[in-house]
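Subject: Structure handover

Hi,

Here is the structure for you to look over. My notes follow below it.

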Amino acid sequence: MSTLRRMSYAGKKRKLDKTRQDRVYFDSYSDVTVHEEMIADYVRTNTYRTAILKNSELIRGKVVLDVGAGTGVLSIFCAQAGAKKVYAVEACSIAEQAVEIVKQNNVEDVVEVIRGTVETVELPEKVEVIVSEWMGYALLHESMLNSVLYARDRWLKAGGLILPSRAELYITPISDPVVEDRLYFWYTVKEQYGVDMSCMSNFARRCIKNSDIIVSNVAMEDVLSHPARFAELDLHSVTVEELRTVKGRFTCESFGSAAVNAFCVYFTVTFPCPEKPHSLVLSTSPFYPETHWKQAVLYLDSPVEVVQDTPFSGEVSMFPSEDSSRHICIHVDYTIGEQKEQSKTFSIPDWTYLEIL
């Protein structure tokens, strides 16, 4: 779940209090556009549907909690899988539309839409299943996982089912030719128009290769190594305290010769399935079909030339921004080949929501 298509700095940086942060966050889900984008994401929506139906034996006759239910589509999937009762908890005004959708699908006897945050609502009973589409960009943007963990600790019976049950984070170096073409563009202006604007190149580099987390699709041919997993979260055991800093080390080797100019961060989530050891994975990898989460691209200040088997190593740390606890920051310490270790911190610095062009 994520409203950001691209966020960038706009205006004076400001720190929002927790109440304002939450209000801006929930208001962003009151418009139809974000729900259209999420429902239209076939990989996302169909993977959840498949996972719920594959777990129908564990859902049939059980009580389910849908955290951040939105339009209620996951709740309806659970009703179709035979749930006895589904509590669809949604904090924003889209809950009113969810009520209508539930009625239109004739499951109002099973699905009860409850307006409010999961931290404040009172359910009449414990639940045996929690389902939630809580993932943000780079997995942890928007920090909705905290609410899922609250629901787990407050409402889930011992041994209950959580969908999805595990999340993993990966990093890989990439070579983005589009960025280099944009920087080189300023050297071509004189040939086209007779005006030398090559001095704009450094300014363009500062603007483009800044410290923003860029959400965009990475072409698989631009990926320069096998992905390295640097973190894993077990939703049955991870704590809110552990989410304050999610970090891990990584190592990988270059596929061939290229100019590395960025790192790409992406995630997977895994749904348990009764036919063990099989499971169902929703992946946002550049090697898999596109999702609305795309990938998080972290641009280096300068490109680094690598050859076959050049080693990459380092550590990734993810933590909430000081200015907004719902915004994620990513710090990367990295070494490429024989170069000395470099460090850079990336962030989404403002609550400004922009369309990706």
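A definition to start: two strands pair if DSSP finds at least two bridges between them. Helices (H or I, at least four residues) and strands (E, at least two) are DSSP runs, numbered from the N terminus.

On sources: this is a predicted model, where local features need pLDDT of at least 70, side-chain atom pairs count only at pLDDT 80 or more, and totals for chains, interfaces and linings use all residues. Residues are numbered from 1 along each chain as its sequence is written, and side-chain values use heavy atoms, with hydrogens and water left out.

**The sheet**

V131 has L163 in β6 as its bridge partner. Strand β5 (residues 127-131) runs parallel to β6, and four bridges join them. Both belong to an open, parallel sheet of five strands, ordered β4-β3-β2-β5-β6. β4 (111-115) and β6 (156-163) are the edges; each has a single partner strand, so one side of each lacks a neighbour in the sheet. On average, neighbouring strands are turned by 25° against each other, direction ignored. Axes here are lines fitted to C-alpha atoms, for helices over the stretch in contact, and angles run from 0 to 180 degrees between N-to-C directions.

Helix α7 (residues 145-155) packs on this sheet. It touches β2 (63-67), β5 and β6, where contact means heavy atoms within 4.5 Å. The direction of α7 makes about 150° with that of β6.

**Just past β6**

The peptide bond from L163 to P164 is cis, with omega near -5°. P164 sits in the loop between β6 and β7 (166-174).

**Two positive phi values**

Neither residue is a glycine. N106 has phi of about 55° and lies in the loop between α6 (94-104) and β4. A138 has phi near 55° and lies in the loop between β5 and α7. Buried or exposed? N106 is exposed, at 65% relative accessible area. A138 is buried, at 7%. The cut-offs: buried is under 20%, exposed over 50%, partly exposed in between (1.4 Å probe, protein chains only).

**Core**

A nonpolar core is a set of buried Ala, Val, Leu, Ile, Met, Phe, Trp, Tyr and Cys residues joined through side-chain atoms within 4.5 Å. The largest one has 91 residues, and L65, W134 and L139 have the most contacts inside it. Strand β11 (residues 258-272) gives the most to this core, with seven residues.

Best wishes
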